[in-house]
Amino acid sequence: MDIYVQLLVNSLQIGAVYVLFSLGLTLIFGVMRIVNFAHGEFFALAALLVAVAVPWLIDFGAPLPVAYGLAFLGALAGVLVLGKILYEFAFRRFQRDMIGSFVLSVGLALLLQGLYIEIFSSASRKLPTLIEGTLRILGGAITTQRLVLCVIALLVAAGMYWAIASTRLGKALRAVSEDHEAAMLQGIPYRRIALSGFLIGTLLAAVAGALLAPVVVIGPVIGSSYLIKGFIAVVIGGLGSIPGAIIGSILIAVIESVGGYYFDPSLATIAMFVMVMVVLLVRPAGIMGNG
Amino acid sequence: MTERLALEVTGLAVSYGIVPAVIDVSFAIEHGSITTIVGSNGAGKSTIMKALTGLVRPAGGRIRMFGEDIAGAEPDELVVRGVSLVPEGRRLFTTMSVAENLEIGAYRRSDVNAVARDFERVLEYFPALRGRLQVLAGSLSGGQQQMLAVARALMAAPRLLLLDEPTIGLGPAIVDTIAEIIQTIARSGVDMLLVEQNAEMALEISAQAFILERGRIIMQGRSSTLARSEEVRRAYLGV
């Protein structure tokens, strides 16, 4: 019994971050028809900025929570600036161009990783624990810090889900995702909505990276493994589908934690790829995909 | 309104790559009338509609709407200027509800009261939609989807409404309903351009007509006159 609870708790905390990550990926795909293979680098930059800023702020005498809070906001701002620059000079020119955007985003991912190694050095960084303590729930254990992180991630994801379902911008994003020409014919300014969708997606990756910063070891190439998992999640769920991204992320998280426990992590990774193959064979557009 | 013409197209030319789709097309729509362009499949009807809504850039010619040149205007800007298109194949947001489709139709309008009034008005035009507001647009029947497409375009409060084959694939009863609504909308002061393969219906409800063949206008005149013309009857009315 205890072990099942523990596996559930583990799945939840991994899944919460994947949900944020893949929501951004699927949103960007929806509005621009681009699979952003550089999405992991937004995530990585946020984590790196937090990792650099927190010790720096502590040196200035800021208390730990304040240092984290400021670093978190600074990281989001920094990633948004990068996102806006990349959108204007790169992604905007390759929207609705599958091959062009693939080459572009893979190239950008490599370029950014190289830049991060130059700027931040290839050293691994570990930040001081923000919230001490461990909670026991029904025989499963989770550090308080991870629980808080997980709850925040789920709240952000839920807020995002609500916003896309109910707000004016959310409806415009969905309309553009389904048929951008028909959306323009209703007066929706496609360019502005595409930029908004791209920046929201970028911001979600940044939130995921900044949230995860206190609990993982941060290096300059941390983004690629999240990109692969996030990509698998959206492919399984259906590219462009919001519920699909959530379902896909949860599936990936369960496979990773359960498979990693009963077998070993590399088998869990193989299982994910097998699952992608099975889903693509049975439902080529993904579980929630249409068309 | 001082401008007599709602729409004036002069020498319009559109090409896809090197393939010309529309060649030197000129026509005008007067205020307070239904104008129709009749043509068979591939004659260039939808291309004209795309040029009028900014979805394709003409290779030549001039389009003036309400007296203003629309060269280079984005589709969403044109909606604000008062042009709405009911596109071929309806192009509804099938994963969104009927109510959401109507809301999106009024995306650029800020007068909440006027939008609410128009919401009621389009439901009066199409009572079949009233009970289905929360249903996904994709699960409506073909006829209801077409009604929703017209209703969505009306939610933008257009001065000029463009309809691209609104009756294609629909049963005779629904064609009649749509034709009636088109006339009602025209009487409410919206100028209309109706593009149709269904020449019989189009010529019956319109005041003037243009016959399009392989990208060129080959005949034009009063709809009632054209409906009696031997050539039109043979080619488009199947008699």
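1. A:Leu86 touches A:Phe91 and A:Leu108, with residues up to four places away in sequence left out of the count; two residues are in contact here if their C-beta atoms, placed from the backbone, lie within 7 Å. The place of A:Leu86 is in helix 3 (residues 64–89) of chain A, where helices (H or I, at least four residues) and strands (E, at least two) are DSSP runs numbered from the N terminus. A:Leu86 is buried, since 21 other C-beta atoms lie within 10 Å; a residue is buried if 20 or more other C-beta atoms lie within 10 Å of its own, exposed if 12 or fewer, and partly exposed in between, with C-beta atoms placed from the backbone. The C-alpha atoms of A:Leu86 and A:Ser105, which are 19 residues apart along the chain, are separated by 9.9 Å.

2. On the basis of the model: this is a predicted model, in which local features need pLDDT of at least 70 and side-chain atom pairs count only at pLDDT 80 or more, while totals for chains, interfaces and linings use all residues. Residues are numbered from 1 along each chain as its sequence is written, and chains are lettered from A and ligands numbered from 1 in the order in which they are written.

3. The largest nonpolar core has 167 residues, and those with the most contacts inside it are A:Ala46, A:Ala47, A:Val50 and A:Ala208; a nonpolar core is a set of buried Ala, Val, Leu, Ile, Met, Phe, Trp, Tyr and Cys residues joined through C-beta atoms within 7 Å. Helix 1 (residues 2–32) of chain A gives the most to this core, with 16 residues. The core also draws at least three residues from each of domain 1 (1–82 + 160–166 + 190–239) and domain 2 (86–157) of chain B, the domain bounds coming from an automatic or database domain assignment. A:Ala208 touches A:Val17, A:Leu20, A:Phe21, A:Phe43 and A:Ala153, not counting residues up to four places away in sequence.

4. For helix 5 (residues 144–166) of chain A, the 23 residues should span 33 Å at 1.5 Å a residue, and the end C-alpha atoms are 32 Å apart, which agrees; the expected span is 1.5 Å times one less than the number of residues. The buried residues of helix 5 of chain A are A:Arg146, A:Leu149, A:Cys150, A:Ala153, A:Ala157, A:Met160 and A:Ile164. These buried residues pack against helix 1, strand 2 (140–143), helix 6 (168–178), helix 8 (190–212) and helix 10 (242–262) of chain A.

5. The contact between the chains takes 21 residues from chain B and 16 residues from chain A. Helix 2 (75–81) and helix 3 (98–105) of chain B each supply at least two residues of the side of chain B that touches chain A. That side of chain B has 11 nonpolar, 4 polar and 6 charged residues, where Ala, Val, Leu, Ile, Met, Phe, Trp, Tyr, Cys and Pro count as nonpolar, Asp, Glu, Lys and Arg as charged, and the others, Gly among them, as polar.

6. Within chain B, 24 Å separate the centres of domain 1 and domain 2, taken over C-alpha atoms. The contact between them takes 9 residues from domain 1 of chain B and 8 residues from domain 2 of chain B. Strand 7 of chain B gives the most to the side of domain 1 that touches domain 2, with 4 residues, and the residues of that side divide into 6 nonpolar, 1 polar and 2 charged.

7. Strand 7 (residues 160–164) of chain B is joined by 4 bridges to strand 6 of chain B, and the two run parallel; two strands pair if DSSP finds at least two bridges between them. From strand 6 (residues 83–86) of chain B, B:Val83 and B:Leu85 point one way and B:Ser84 and B:Val86 the other way, and all are buried. B:Val86 stands opposite B:Leu163 in strand 7 of chain B.

8. Two backbone values deserve a check by eye. Phi of A:Arg33 is near 55°, a positive value in a residue other than glycine; A:Arg33 is found in the loop between helix 1 and helix 2 (39–59) of chain A, and counts as partly exposed with 18 C-beta neighbours inside 10 Å. Phi of B:Ala157 is near 50°, again a positive value in a residue other than glycine; B:Ala157 is found in the loop between helix 5 (142–154) and strand 7 of chain B, and counts as buried with 20 C-beta neighbours inside 10 Å.
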